[in-house]
Each structure stands twice: as structure tokens, then as C-alpha cells.
Amino acid sequence: MRIRSLGVIDDAVVELSPGFTAVTGETGAGKTMVVTSLGLLLGGRADPALVRIGAKAAVVEGRITVPEGAPAAVRAGEAGAELDDGALLISRTVSAEGRSRAHLGGRSVPVGLLGELADDLVAVHGQTDQQGLLRPVRQRQALDRYAGGAVSAPLEKYAAAYRRLRAVATELDELTTRARERAQEADLLRFGLEEIAAAEPQPGEDADLAAEAERLGHAEALASAATSGHRALAGDPEDPEGVDAATLVAGAHRALEAVRSHDPALAALADRIAEIGILVSDAAGELAGYADDLDADPLRLAAVEERRAVLTHLTRKYGEDISAVLAWSEESAARLAELEGDDDRIGELTAERDGLRAELVDLAQALTDARSEAAQRFAAAVTAELSELAMPHARVTIDVRQTEDPEGVEVNGRTVAYGPTGADDVELLLAPHPGAQPRPIAKGASGGELSRVMLAVEVVFAGSDPVPTYLFDEVDAGVGGKAAVEVGRRLARLARSAQVVVVTHLPQVAAFADRHLVVEKTNDGSVTRSGVQAMEGEDRVRELSRMLAGQEDSELARAHAEELLEAARAGR
């Protein structure tokens, strides 16, 4: 990795051994920034506060070897990234303003993609993970992870059935608890539909009746106007001397027709006047017919107004016009059918609920059986690891238990509570010495014991679900003396099959490393800078002396450091 402008680190290159790499340094020198850098490369949250004061951005670049065909390589290829001689080049930039960018194999990618790759590349374990493992939920997750397919397969089916059961139960509860409201709604819909059906409105009927009512209400005025118009156009039989439009137009046409041959323009006008005469005659005929057909029937007007009142009653309640009323009727009929079908739906949901509960019983039993079997193997494996971590008499057990609940499911002949992950409560118990009663690790383990239990758990995981790289951030806290030596030896053994990076304060652990990196801090009076140096030969002895006694040049400390290195070489 290359780290630039991150925290106290100005510019540093971190070359990690394929085996065991120890990272040490004074408190505050920036060892944690090495862990943070790897976290950023693997999609961790970008915090602008990490950017070095005065810098525009922090940049972390990494080169990770990935076997061809490995899940991480396949996923990276799908995103368009290319391998560089069997390695993935990853870059992460965090600006001082908080913007974050990620590049993978030469391509800009979402930060979330780096997080997807992380699970297949690196297992990060720090002090926060120790605290997390104190919680039973995390302990159950650890057991399920160890059990693998024996638990994951039934758990996937169980989770799907559980989600469906919750949905069915929610819908069933709504249907049964709101029965009164639904009955009231159905009655209102039924009344409205019956009222509309009794009136039998037709599309557009309200507009047609409005026009007819307007015509019937003004029949006399309309008839008088039509008669007057007819007389003006065609003449009044009772007034032979009167002048009408048809006569005048005919006279104009005759006058022009007599001389049309002398001028084409005048002939055109004569033709147009002839057309006017035809139009006037047609209009006069239609006006006469209109006046004759107009029916001033007061009984028909009363019937129309009565029908309009019926339709107005409907539009006042169900829509702005009859078209809207008919639309409401159609929608309400569908809703009423739905409400009337609720009883059938309740029966269907009840049957589905009972079937899902029966399915959950079988799946919960399968989960309990699988977890119980895996718990014995997991506890035995962790106990065996503890014997190699200076806890030879410690015994770990995993309690898989259930809680009685009369509303629950039946497991092992008992009715117990159940949830989204099954019916089991899982707790890791530790008996640190013979004769001690197993107690939850949160209560029965000291800080040093907890660190070793966590390391043992991680080593067991390494055997069952391996990843290429393991990063341990001060998981040896609270450990010292012989126990620290055993922790170092066990990490060295883990490094035979995987890359192991350990941030540590313990010289006993650092002595076992294949590569020893020191984060060094210098202070020029204004700016603190940290760099990463590889320690070899005398430099490594001096660093171990500092870790042992705080005195790099102490002859006793140097002798102890050399002895520690020799013992580590022999122990590996």
C-alpha cells in the first residue's frame, strides 16, 4: 500500500510479507492509520477528518494479488476492471470536503463495489470485534458462519417463510379487526349502487335533457323568431306589397344575368348572387319547418325537469356529471365485490398461516439440530486452540437454548419463542480452569482471556472459511508473558496458509513476524509526519528493545530482544 496525507502519515509505502507482518510503533505514531488505509481500500466509510491538515485529499493505493477465477477477480472483471499481472490495483481518494472516489483495475467504480470484494479478500479483526462478540446475536452469527451450508440452507428457507407468515398475519389481523368498518363501507356502497341502478342514467343524458329543457322553456319565443325570420326571407302572404330578401336577391340576379356576357367579373358576381338566392330559400324553408315542428308541450317540459332533478340528485352525491356518476358506479361495484369477498380471503389467509406455521416448525427444528451439532464441533475446535494459547485447562461450550412461549412453535417437544433467525438463543460460555462453572464470556473472561478466545475463534474460522489475508488490530490487548508468546506462535502458524498482518504492542508477538514494520513519528516543531520503515537486523533488535524496556540501547533489553527473536525462530 501507498498512503499519502492520511492522519499523521505524510507519505508512506507499506510492503507486507506474504506470511506474517507485524506493525509496531510508539503510541500516537499512526499505526491505526495502516488499518484505516486498508479499510478505505476495502470500501470503508470515508471521514474527511482523516485528511491530513493542509492537504487537499488523502490517497490510498493498494496492490492485492488475486488468483485467476477467484470470486473477487470475477466480480472485478464484471465491473470492467483488469488484473495487472495477477493483481488488482485499488485506489481510494478522500477529499477534505468529504468527497470520495474509488478506482479498481484502472476503472472508476462505486465505493460499494470495494465493500463487496472485501469479504473474499480480507478478514479484519479489531478490539471492537471483541466487544461485538460479547453479544449473543454476534455469537449466533459466528456459529452460523462456522456451520456453513448445514445452517445457511434451512435458514434461507426459514427466513422466507417467516417473512411471508408476518405478511399474512398482518393482513389477516387487518381484515378481522376492521370488520365493522368494512361492513359500514359495504353498506354505503351498496346503497349508492342501488340508487344509481334505480335511476338508470345513460351516458350524456344530463346534457341532452338540459338542452331540451332550454328549448321547451322558450318555445313561444323560438317559434316567433323563426316565423319572423321566414317572413323576412320569403315574404308575408298577408302583405303582398312587402319586400323580402328572396325577391330582392332574385331581382339583383336578373339584372346582372342580362349583361353577364359583357364582363367575366360581373358574370362571376351573378353566379355568387344565384348561390345566395339558393341559401336564402333553403334557410326560409328550414325556418318554416322549425316553427311547425316546435312543440310547446308543458307536460313534456314538466317530465324533463322531473328527470333532471333525479339526475341532479345523483351528481350531487356521486360525481360532477352523469359520466362521473357512472364511473363511480363501476369502481364501487369492484370495491364492493372485494369487500364481500373478505370472508373468503380470511379463510384463505387462515389456511396459509397454519401451513406456514407448520413449515416453520420443521425448519426451526432443522436449524436447532444443525446449530447444536455445529456448536459441539465449534466449541471443541476453539477449546483446542485455547490450549495452544496458554489456556490449556480452559473449556469453551456453546449453549443453544430456547425460551418457552405458548404462542411460539414446537421445537424438541416444547413450545418456544421464534424470530426471524429461528427459535435459538446462542451463547458462548467459558470455564477458564477445571472446576469452574461455564459462564458467559462477557462475565467469565478477563481482557487477556477474551483476546485469546477471539483469536481462537478467528483461527477456527480460518480453517473452515478461509480468506487470503487476516488483519488483527491489537487483539492481543491484555495479554502478556507466556500467553503473549503463544499468541505470537499461533499467528505464525496461521501465516503458513494465509497472509497475516498484526498491529501490536507486544514484542513477544512481533518477534514471530516474517516482516517487521515500524511506524515512526518525527516532529519538526510544527508538523508531525509519520513514515513506515521495515526493520531488519540491528534495527529490529533496537525496536524490540524499545518495546521491551523503552530503551533501545539497553544491553539487557537488547539481549532479551535477541533471545526473543531466537526463541521465535525456533518456535516457528
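Me: Which residues of strand β9 form its covered face, and which its uncovered one?
Reply: This is a predicted model, and the reply rests on it. In a regular strand the side chains alternate between the two faces of the sheet. In β9, which spans residues 395-401, the uncovered face consists of Arg395, Thr397, Asp399 and Arg401, whereas the covered face is made up of Val396, Ile398 and Val400.

Me: In β12, what is the bridge partner of Arg401?
Reply: Strand β12, residues 425-431, pairs with β9 in the antiparallel sense, and seven bridges join the two. Within that pairing, Arg401 has as its bridge partner in β12 the residue Asp425.

Me: Is Ser329 buried or exposed?
Reply: Ser329 belongs to helix α13, residues 322-340, and, leaving aside residues up to four places away in sequence, it touches Leu193 and Ile196. Its relative accessible area is 18%, and because buried means under 20%, Ser329 counts as buried.

Me: How are helices α5 and α14 oriented where they pack?
Reply: Helix α5 (residues 136-147) packs against helix α14 (residues 342-387) with the axes 9 Å apart and at an angle of about 95 degrees. Since angles of 65 to 115 degrees fall in one class, α5 is, relative to α14, roughly perpendicular.

Me: How many residues of that contact are nonpolar?
Reply: On the α5 side the contact includes Leu143 and Tyr146, and on the α14 side Phe378 and Ala381 are among the residues involved. Four of the contact residues are charged and none is polar, while the number of nonpolar ones is eight.

Definitions and conventions: Residues numbered from 1 in each chain as written. Predicted model: local features only at pLDDT ≥ 70, side-chain atom pairs only at ≥ 80, totals over all residues. Heavy atoms only, no water. Axes fitted to C-alpha atoms, helices over the stretch in contact; angles between N-to-C directions. Helix = DSSP H or I, 4+ residues; strand = E, 2+ residues; numbered from the N terminus. Parallel < 35°, antiparallel > 145°, perpendicular 65-115°, else oblique. Contact = heavy atoms within 4.5 Å. Nonpolar A, V, L, I, M, F, W, Y, C, P; charged D, E, K, R; others polar. Buried < 20%, exposed > 50% of the residue type's maximum accessible area, 1.4 Å probe, protein only. Pairing = 2+ DSSP bridges.
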